[in-house]
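Colleague: I am new to this structure and would like a guided look at it. Could you show it to me before we talk?
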Amino acid sequence: MIELTVPDAASMEALGARIAPLLRAGDVLLLDGELGAGKTTLTRGLGAALGARGAITSPTFVLAREHPTAGGVPLVHVDAYRLPGAVELDDLDLDWAGAITVVEWGSGKVESLVDAWLRVALDRPTGVAADTDGEEPDEPRRVVIRGHGARGRELEAALRA
Amino acid sequence: MTAPLVLGIETSCDETGVGIVRGSTLLANVIASSMDEHARYGGVVPEVAARAHLEALRPTLEAALEQAGVALGEVDAIAVTSGPGLAGALMVGLGAAKALAMALDRPLYAVNHLVGHVGVDLLDPEPLELPAIALLVSGGHTSLLRVRSLTDDVELLGETIDDAAGEAFDKVARLLGLPYPGGPQIDRAAVGGDPAAIRFPRGLTHPKDLERHRYDFSFSGLKTAVARHVEAARDRGEEVALADVAASFREAVADVLTAKAVRACHELEIPRLLLGGGVVANARVRELAAERAAAAGIELRIPPLALCTDNGAMIAALGAALVARGRPPSPFDVPADSTLPVGTVLC
């Protein structure tokens, strides 16, 4: 398990960029965290580092969006929030083996579909400190990264190095 | 010689639209929506949309022909949305258009959905003079365009870097415990609320952001600010002031959308602005746009609502313009392109 504190949005993008070069076709990243935790921000950094075509924006509306990348392996960005479970996620017919897949809100749905994954849990401070007053506060996020399955643990180790 | 009779098919998202125009005269605009089928999922589900298009296309086409009072055989050209949009949904419309074009032996025009939203203005008796700035805002898109020529020169000035505006409405509705789709729900909840009660952030409007993202939008920070506000109230054991939160959120969206559009008009010295997309249904967005355009001496054009949301008439209108300019039709193997760039008007 890796624990980090990510101070702002730029650092969240940088974390994505740090993970990107470790990834290859078949790798799955699970992003956990409430609305506004930084899931899409992390994916944006990851996509930029992979040379992904098209803007990495929220896939909530379309459920899944495929971005061709400079390296040839497409980046598939999924938002599973609206999918009730693994069956519906499976119905999307994603090419898990041929792509780098990032799934937001995927916990409890992805695990039965793939053997290994890297889970990145993003925790946004909640509560009374919320006094935004027109500014977008850059608040630190607590990040916990954990690999599952052989390939997941390999990624976690590589990230720790 | 009479102007060409053009049939337009639109299936990029959850509305099945068939429109018929003769030149720049609107003859029919029929829309079947599968919105109700998506509501229980809290948003559009691509597979559901594709299947609904398949079922709705034929009846919608027949209703449009009846409304226009023409027979299918009289149609001179078929126009269809080939992107951007949901791939499966696009394929249904594109497949139907190809089949019709081939069976009737008529040319096929596979066109850009976003440019279609601008092209709808051609149906106005006095179309907006070009160049013009266009602001297109819907569940899936938030784009600012510079249009020099509808058929040849459409430039993307900026777009959302995270959530589309309509998506922000849906997510904030979710945060507030309101159902999908979020836009009308938030409008309802905002009645009697104070839009200045909470100063929510305006994404990408700070000087440091304007350098890199002058005409881009961001609604993710706004959504997070609403989430934090709601959580903070709950932590303090207070009721969330729903009307104030909804009104303040809506104000932040309307403010940043219209401010950026007016800024583009001003900086690029184009005093003409066209609004399009489903979010234009939001009364506050329209109102603020009208207020600011008037103050800045900008001619503002907002098409009637049935032509703002996704529809086939706009695709037919754009198709008719392409025919009139003598542009060569699309090949029959033209594919659906879910991320078609706005610069490509005709595929």
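This is a predicted model: local features need pLDDT of at least 70, side-chain atom pairs count only at pLDDT 80 or more; totals for chains, interfaces and linings use all residues.

Colleague: Which residues make up domain 1 and domain 2 of chain B?

Modeller: Domain 1 consists of residues 5-122 + 307-324, and domain 2 of residues 131-302. The C-alpha centres of these two domains of chain B lie 27 Å apart.

Colleague: How many residues are in contact on each side?

Modeller: In chain B, 20 residues of domain 1 are in contact with 19 residues of domain 2.

Colleague: And what area do they bury between them?

Modeller: Domain 1 and domain 2 of chain B bury about 1,500 Å² between them, with 79% of it on carbon and sulfur atoms. On the domain 1 side, L114(B), V118(B) and C308(B) supply 35% of the area buried against domain 2, more than any other three residues.

Colleague: Changing topic, how many salt bridges does the rule find across this interface?

Modeller: The rule finds 1 salt bridge between domain 1 and domain 2 of chain B. R301(B) forms a salt bridge with D121(B), and their closest N and O atoms are 2.8 Å apart. The count of residue pairs in polar contact between the two domains of chain B is 2.

Colleague: Which elements give two or more residues to the domain 1 side?

Modeller: Those elements of chain B are α1 (35-39), α4 (113-119) and α12 (312-324). α4(B) gives the most, with 6 residues.

Colleague: How do the residues on that side divide by type?

Modeller: The side of domain 1 of chain B that touches domain 2 has 12 nonpolar, 7 polar and 1 charged.

Definitions and conventions. Residues are numbered from 1 along each chain as its sequence is written. Chains are lettered from A and ligands numbered from 1 in the order in which they are written. Side-chain values use heavy atoms; hydrogens and water are left out. Domain bounds come from an automatic or database domain assignment. Contact means heavy atoms within 4.5 Å. Buried area is the accessible area (1.4 Å probe) that two parts lose on being put together, summed over both. A salt bridge is a side-chain nitrogen of Lys or Arg within 4 Å of a carboxyl oxygen of Asp or Glu. A polar contact is a pair of N or O atoms within 3.5 Å; within protein, one must be able to donate a hydrogen and the other to accept it, and residues adjacent in sequence count only if both atoms are side-chain atoms. Helices (H or I, at least four residues) and strands (E, at least two) are DSSP runs, numbered from the N terminus. Ala, Val, Leu, Ile, Met, Phe, Trp, Tyr, Cys and Pro count as nonpolar, Asp, Glu, Lys and Arg as charged, and the others, Gly among them, as polar.
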